[in-house]
Amino acid sequence: MKPSIQINQIGKTYGDVMALSDINLEVETGELFGLIGPDGAGKTTLFRILTSLLKPNAGEAWVEGLHTVKDYKKIRRIIGYMPGKFSLYQDLSVAENLTFFATIFGTTIQENYHLIKEIYQQLEPFKNRRAGKLSGGMKQKLALCCALIHEPKVLFLDEPTTGVDAVSRAEFWQMLKRLRERGITIMVSTPYMDEASLCERIALIQGGKILSVDAPEAITNSYQKPLYAVRTADYYRLLNDLRDTDFAERVAPFGEFLHLTTREKMPEQEIKDFLLSRGHSDIRLQPAKPTIEDVFLDLMQTT
Amino acid sequence: MLKTFIAFVKKEMYHILRDVRTLLILFGMPIALVLIFGYTVTNEFKGASVGIVDQAQDDLSRQLITKLTASGHFELVRKPHNIEALEADFRAGDVKLGIIIPPDFEKYFLGGEGSTIQLISDATEPNYAVTLTNYASQMIRDFQQEQFPTEQMPYAVAIENRMFYNPELVGAYNFIPGVVALILMLISAMMTSLTIAREKESGTMDLLLVSPLNPVLIILGKVTPYVVLSFINALVVFAMGWLIFDVPVRGSLALLLALCLLYLMVALALGILISTRSDSQQTAMMMSMFVLLMPTMLLSGFIFPIASMPAILQFISKIIPAKYFILIEKAIMLKGAGWEAIAIPAGVLLLMMFVLLAAARKNFKVVYD
C-alpha cells in the first residue's frame, strides 16, 4: 500500500539559513505520527511544505499520492491544518468560526458533526463567546474542530499542545487517538518529549535534520548505554560532581532525579562510593529505563 | 460557490462591525473630513481686519471707506494716522490689509488727474493676501465706475470678468469633489490593504489558502463589503455637499455614481496590490499613507493646482487616479457635462484598474517561496 505521506530528500533554506536538509519520511495511512524536536528544529517548515504552503528548495513530497507543488490545489481539499500559532478569527464567536470554516470547505457543521461531536460538546457552553476570549485549551479544541470539520484524509497539527495546561494536553491526545481510529492520518509535532510515547511512530528532528525514526519503544530500546537515576540531598552539587568525573558520559536533570549515563557498565556500589567520598548524603541510585529524552540528548551529542 | 461568497462577506461584516476603530475610520472620517475642509480650507473670507490711513479725510474718501466696510467682507479695525502706525499694526498682527488714501483724494480724483490708492497686505499668508488685495481692488474699481457711470475713461481697456460654473467662487465647489476622491481612495485602498494584511498577520490567511477557496474568491469576499461601504460613503459626502454647502450635481447623477464605482475599483485594486507587498498591518498602513494619502492630497489638483507645479510633479500627477476622478466629478457636477466630455479620463481610470488588478493578481501569493 502506498504511504499516506511520502517525503523524499526535502530541503529548504531561507537565504543562507538552512531550515531543513535531506528529510526522508514515510507515514502510513491512519498512522499517528509524531515529529519531536525543540523549537527551531524545522518542524513548522516541514508542515508548511507538506500543506503545500511553502515550496521546498530540494526534494519532493506527496500527500495521499498528490505532489505538494504540482497538485497543491488538490492537496488543499483533503488536508486539515492547524498552525502552531492560534490562527482563528479572534473577533468571531466559536460557532461563527466553525460555521465559516465548514462553509469554505463546502460542508456544514451538521453534515460532519459526528467527527467533532466529542470535542465540540466541551465547547458548546461557550459557543457564543469570541474565540479570542477562550482559554488556551479551548482555543486548541476549537482549532482542531475547524481543521476537522471537512473530514480531511490527513491532519497536520503543528504543536497543538504548546501553551496548554497538563489536563487539556492529556484530553487532546485522547481525541487524537480516537481520530486515528477513524482512519485519519495524523502528523503532529511537539517539543514535549513525554508526548512522544503517545504516538505510534516518531521522528526525532533537530537542526533541520532527522536523527531517528521509529516506534517510541523501539527508539528507547535502542539506547544501549548504561543509565542510572541518581539523587542525593544536594541536587545541584551532585550534578556538578558527576559532570566532573571521568566515568560519566552524560548527566542530565530528569525530574527529581539525575539521569547518569556512564561510559562503561560499572557496579552501582562504585558510583555510590564515589558520591560518599564527595560527602553526599541520602544517596539513592538505581538503574533507569531510558526515555525519549535520553535518546534525543544522546543523538544530539553524537551528531 | 455563492454560499461560500456570502459566508465570506458575512464574516467580513462581523470584523467591520465589531471593531470600533474600523467603524470610526469608515463613517467618522468622511464626515469629519467634509466638515473640516468645508469650514477651513476655503478662499472665502468675512470680516477681514483692515486698517485704513485716511490722509484725505474728505467726502469721497469717507464714501469709499463706507463702501468697503458695508460689504461685510472687510472690518475696519484700525484708523492709524500715518504709515508708521499702520506698520506697527501689521507687526502686531492686528490688520491683514492696509489701505492708504492719499491727501487731496477728492480734488485729484474728480479733477480728472487721477489718484493712487495703496493696498498693503500681510503676505505671510500669501493666498489670503492675494485674495484680499484682489477683492479690495475690485471694489475700488467698482467705486470708480459708480462715480463716473457714463463717462468712458480714455485709453482704458475695459475688462469684463466672468467666472464660469462657479461665479461666486464658492470653495465647496472645489473641495467636495476633492474630498470624495480622497475619502474613496483612503477608505477603499487603505482599509482593503489593512484587512488583507491583518489576515496575514494573524495567520488566518494560511488557513484560507489551505482550503479549496479560489484566491480570487478570497479577495472578492474581502473587498465586497468595502465596495458597498465606500459607495455609501460617497453618497453621504455628495449629500452633505449638496445640503450643507449647496454643491449641485448639474449633470447626470447616474453617470456620476457609475464613475464613482469605477474609481472605487481602481482604489481597491491599489489596496490589494499594497496588501500583497506587506506582511503586517503596520507596513500596509505606512505604504497606504505614502502611496495614497500624500499624492492624492498634494498631486491630484485637489489643494494645489497642477498647472503651477514643476514639470516633474506634473508628470507624476498623471498617474494619480484621483486627478482623473476630480476632473470627472467637476465636469459632471459643476459643468453638467455628459458622457463624451469625460470619456478620456474615464478611459484612463479603466486602464489603471485593469493594470492594477493584473498586478495584484500576479503578486498575490498562494504558495510561498
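In the predicted model, 28 residues of chain A are in contact with 26 residues of chain B. The size of an interface is often expressed as the accessible area lost when the parts come together. Between chain A and chain B, the buried area is about 2,600 Å², and carbon and sulfur atoms account for 63% of this area. On the side of chain A, the residues that lose the most area to chain B are A:R76, A:Y89 and A:I104. Together these three residues make up 22% of what that side buries.

Polar and charged interactions also link the two chains. There are 4 salt bridges between chain A and chain B. A salt bridge joins A:R48 to B:D206, with the closest N and O atoms 2.6 Å apart. Between chain A and chain B, 12 residue pairs are in polar contact, counting pairs with both residues at pLDDT 80 or more.

The side of chain A that touches chain B draws at least two residues from each of α2 (72–78), β6 (79–82) and α3 (94–104) of chain A. The largest share comes from α3(A), which supplies 5 residues. By class, this side of chain A consists of 14 nonpolar, 5 polar and 9 charged residues.

Within chain A, the domain assignment gives domain 1, covering residues 5–220, and domain 2, covering residues 223–302. The centres of these two domains of chain A, taken over C-alpha atoms, are separated by 36 Å. Contact between the domains involves 14 residues of domain 1 of chain A and 9 residues of domain 2 of chain A. About 920 Å² is buried between domain 1 and domain 2 of chain A, with 80% of it on carbon and sulfur atoms. Of the area that domain 1 of chain A buries against domain 2 of chain A, 59% is supplied by A:M193, A:L211 and A:T220, more than by any other three residues.

The count of salt bridges between domain 1 and domain 2 of chain A is 0. For polar contacts between these domains, the count is 1 residue pair, with both residues at pLDDT 80 or more. On the side of domain 1 of chain A that touches domain 2 of chain A, at least two residues come from each of β9 (201–206), β10 (209–214) and α7 (216–221) of chain A. Of the elements, β9(A) gives the most to this side, with 4 residues. The side of domain 1 of chain A that touches domain 2 of chain A comprises 10 nonpolar and 4 polar residues, and no charged residues.

Conventions. Residues numbered from 1 in each chain as written. Chains lettered and ligands numbered in written order. Predicted model: local features only at pLDDT ≥ 70, side-chain atom pairs only at ≥ 80, totals over all residues. Heavy atoms only, no water. Contact = heavy atoms within 4.5 Å. Buried area = accessible area lost by both parts, 1.4 Å probe. Salt bridge = Lys/Arg side-chain N within 4 Å of Asp/Glu carboxyl O. Polar contact = N/O pair within 3.5 Å; in protein donor to acceptor, adjacent residues only side chain to side chain. Nonpolar A, V, L, I, M, F, W, Y, C, P; charged D, E, K, R; others polar. Domains from an automatic or database assignment.
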